[in-house]
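Dear colleague,

Please find below the structure that I am handing over to you.

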Amino acid sequence: MALGRLLAVLLAASVLTGASSQAQTTSAVSAAGRGAVARPAAEGVRSTLPAAVSAAHLTVDGQRTRLTFDLTRGVEMRAFALADPYRVIIDLDEVNFHMAPRAPERRGLVRTFRFGLFAPGKSRIVVELTGPAIIERALTIEGGEGRPPRLHLDLVRTDAEGFRRALADRAVSNLARRGDRETLGPRLSQRPEDDGGPPIVVIDPGHGGIDPGATAPSTGDEEKMIVLDFAKVLRDKLAATGRYRVVMTRDRDIFIPLADRVRIARDARAHLFISVHADSIGGATESARGVTVYTLSDRASDADSERLAERENKADAIAGLDLSEEPSEIADILIDLTRRETRIYSANFARTLAGEMRQVTRMHRLPLRSAGFQVLRAHDIPSVLVELGFVTSRRDVEMLTSAIWRDRTADSVAKAVAQFFATRNGTVAPAARR
Ligand code: ZN
């Protein structure tokens, strides 16, 4: 055993010595949990195909844990740490992950890790830690002599105070970068008038990429794919009528922050926003089943809804977004008035939607509920969040993954959308909205 470990250390040492000078520069700035940027290890041989990550290895040596990913070629990468919970985020060029969906490993400082597409051209690995740790080294190194190019993440145990200090360093270096970031606040009162075109419906398939949402215990089906499949069918049905313009917040397996979903709807000047999800409940059980339609409220209609909104609102944290500097909404009496009106429209649509869906599919015992969902917060766009069913129910999962069910249920949603705009156009002119 001792000999094996010695060989491993020697091999690792030779790998590091063989690394390019750029990679070594990187290792110097990556100390103390600071963001580290590494250049591609093999710059001359960039192909148009995304690189692939083919394997992960975890080695623990005393206080040090090394997580290594085998690559098909070098990629740009950057690593940083976050607290609550303790984790390390590795951002890299878009890569294909040829590995099992989630690593069950829990060794040394690594509890587990997830990966997926984070933004166009950008992939992300989120490493959940067992406790506070500092990024000692984060870099990609060239392959050679039968070795693949690799991405190394070296973590060293620290205490909460050491972690906090490393994080504070990073916050200072980030301030400048954040300065020019667009926020939701100033744009609230700058909404352009409607242009008189067809109503715009935004469909928002929940989760995606690095954030799988709920997973069916019986089949392993993931919420992010279930809701994307449904959203695509709904999009095609609405578009086929020729009566709406349809915008998707995502149409592939990619992560979109919650605030960006709202922003996409506002930028599109949406008249209706439909977020699509699938629920789960602790432990596989058949007791909770069926569709629930949620609207926004400051106080949740019941404890289950409150917990659900908390879970759904965690999507950004799951994907490793740092939420410490999110803008707070500005107070404005006109916005309050619009918000009140929007909530009435949202509630009307929720009722219509539940009425149509109940004709074709199973509904939850309490199908109309409300809670503080981040994604429903546009003050001037009627918004609902539909939980299509429970992935924790074997029978619901059968439904949710059936093409026939999708077709029938999307039809009922399309009917509700038609009704919503039919009554709306008869009563309130679009100009009443700001
Ligand atoms: Zn969800």
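Predicted model: local features only at pLDDT ≥ 70, side-chain atom pairs only at ≥ 80, totals over all residues.

Residues are numbered from 1 along each chain as its sequence is written.

Overall make-up

The protein contains ten helices and 16 strands; helices (H or I, at least four residues) and strands (E, at least two) are DSSP runs, numbered from the N terminus. Of its 434 residues, 41% are buried. A residue is called buried if 20 or more other C-beta atoms lie within 10 Å of its own, exposed if 12 or fewer, and partly exposed in between, with C-beta atoms placed from the backbone. Among contacts between residues at least 6 apart in sequence, 77% join residues at least 24 apart; a contact requires C-beta atoms, placed from the backbone, to lie within 7 Å.

The five-stranded sheet

An open sheet of mixed pairing is formed by five strands in the order β6-β2-β3-β10-β9. Two strands count as paired if DSSP finds at least two bridges between them. At the edges are β6 (95-97) and β9 (133-141), each of which pairs on one side only. From one strand to the next, the twist averages 25 degrees, where axes are lines fitted to C-alpha atoms (for helices over the stretch in contact) and angles run from 0 to 180 degrees between N-to-C directions.

Strand β10 (residues 150-157) pairs with β9 in the antiparallel sense over eight bridges. In that pairing, Ile134 stands opposite Val156 and Ala138 opposite Leu153. Strand β3 (residues 64-71) also runs antiparallel to β10 and is joined to it by seven bridges, with Arg66 having Asp154 as its bridge partner. β10 is mostly covered, six of its eight residues being buried.

The nonpolar core

A nonpolar core is a set of buried Ala, Val, Leu, Ile, Met, Phe, Trp, Tyr and Cys residues joined through C-beta atoms within 7 Å. The largest one has 100 residues, and those with the most contacts inside it are Val88, Ile90, Val127, Leu153 and Val201. Helix α4 (residues 223-241) supplies the largest share of this core, seven residues. At least three residues come from each of domain 1 (23-33 + 47-171) and domain 2 (197-425); these bounds come from an automatic or database domain assignment. Leaving aside residues up to four places away in sequence, Val88 touches Ala79, Ala81, Val127, Leu129, Ile135, Leu153 and Leu155.

In helix α5 (residues 258-267), the residues Leu258, Arg261, Val262 and Ala265 are buried. They lie on the same side of α5 because they cover an arc of only 95 degrees around the axis, the arc being that of the directions from the helix axis to the C-beta atoms. Their cover includes β11 (200-205), β13 (272-279), α6 (303-313) and α7 (315-318). After α5 comes Arg269, with a positive phi near 55 degrees.

Helix α9 (residues 394-400) holds Val397, which counts as buried because it has 22 C-beta neighbours inside 10 Å. Apart from residues up to four places away in sequence, Val397 touches Ala216, Ser218, Thr219, Asp221 and Val391. Val397 and Ala278 are 119 residues apart in sequence, and their C-alpha atoms are 9.5 Å apart in space.

With kind regards

Key: Contact = placed C-beta atoms within 7 Å.
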